[in-house]
Amino acid sequence: LRRSCCAAVASARTDDERVAAHERAGLAAYELCQEVPPFHDARRRRLARGAGLRAALGMAREAFDAAAAGAPNEWSYKCMGAKVARKIGEPALSVLARLEATRDAAPGNLEAFYQMHCSRVKLLLRARD
């Protein structure tokens with residue numbers, strides 16, 4: 001997966017193609033990490049928690065961060081980067097800063113608001129336990 005995603009990024013001729021390649025790479029890596037695969041997915045196994053899962057999440061984070069850098073006005077790349085950061089276990093302030101950037105890029109967007117609220121609740125529950 002990593003080789004094909006790197007090849008797609010390297011073969012991009014324009015900034016828009018490069019951003020799209022980074023987005024596809026991030027989505028492909030993120031899909032590997034999903035707890036529940038889509039119903040149409042024929043995968044029989046999921047990544048076990050461990051080095052493989054962390055590597056896939058790291059690849060997704062790098063790809064979404066690169067896509068966000070290439071398209072700074074697009075909120076969805078920042079949002080996906082924040083979701084991956086939360087899954088990786090980045091510090092709470094880092095995750096909240098990412099979500100704040102998402103919210104600022106898309107004021108009034110329900111998904112950005114939901115992700116901020118959801119992350120705050122998860123962080124509070126984790127701190128309580």
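**Close-up 1. Axes of helices α4 and α6 in the predicted model**. The axes of helix α4 (residues 75-88) and helix α6 (residues 110-128) cross at roughly 15° and come within 11 Å; axes are lines fitted to C-alpha atoms, for helices over the stretch in contact, with angles from 0 to 180 degrees between N-to-C directions. Helices are DSSP runs (H or I, at least four residues), numbered from the N terminus. This crossing makes α4 roughly parallel to α6 (angles under 35 degrees). The crossing is left-handed, the near helix being turned anticlockwise from the far one by less than a right angle.

**Close-up 2. Residues joining α4 and α6**. From α4, W75, C79, K83 and R86 meet E111, Q115, C118, S119 and K122 of α6; contact means heavy atoms within 4.5 Å. Three nonpolar, two polar and four charged residues make up this contact (Ala, Val, Leu, Ile, Met, Phe, Trp, Tyr, Cys and Pro count as nonpolar, Asp, Glu, Lys and Arg as charged, the others, Gly among them, as polar).

**Close-up 3. Helix α4 against helix α5**. The axes of α4 and helix α5 (residues 92-105) come within 8 Å and cross at roughly 165°. The two helices are therefore roughly antiparallel (angles over 145 degrees), and their crossing is left-handed. W75, K78, C79, G81, A82, A85 and R86 in α4 meet V95, R98, L99, A101, T102 and A105 in α5. By class, this contact of α4 with α5 comprises eight nonpolar, two polar and three charged residues.

**Notes.** Residues are numbered from 1 along each chain as its sequence is written. In this predicted model, local features need pLDDT of at least 70, side-chain atom pairs count only at pLDDT 80 or more, and totals for chains, interfaces and linings use all residues, while side-chain values use heavy atoms, leaving out hydrogens and water.

Conventions. Angles under 35 degrees count as roughly parallel, over 145 as roughly antiparallel, 65 to 115 as roughly perpendicular and the rest as oblique.
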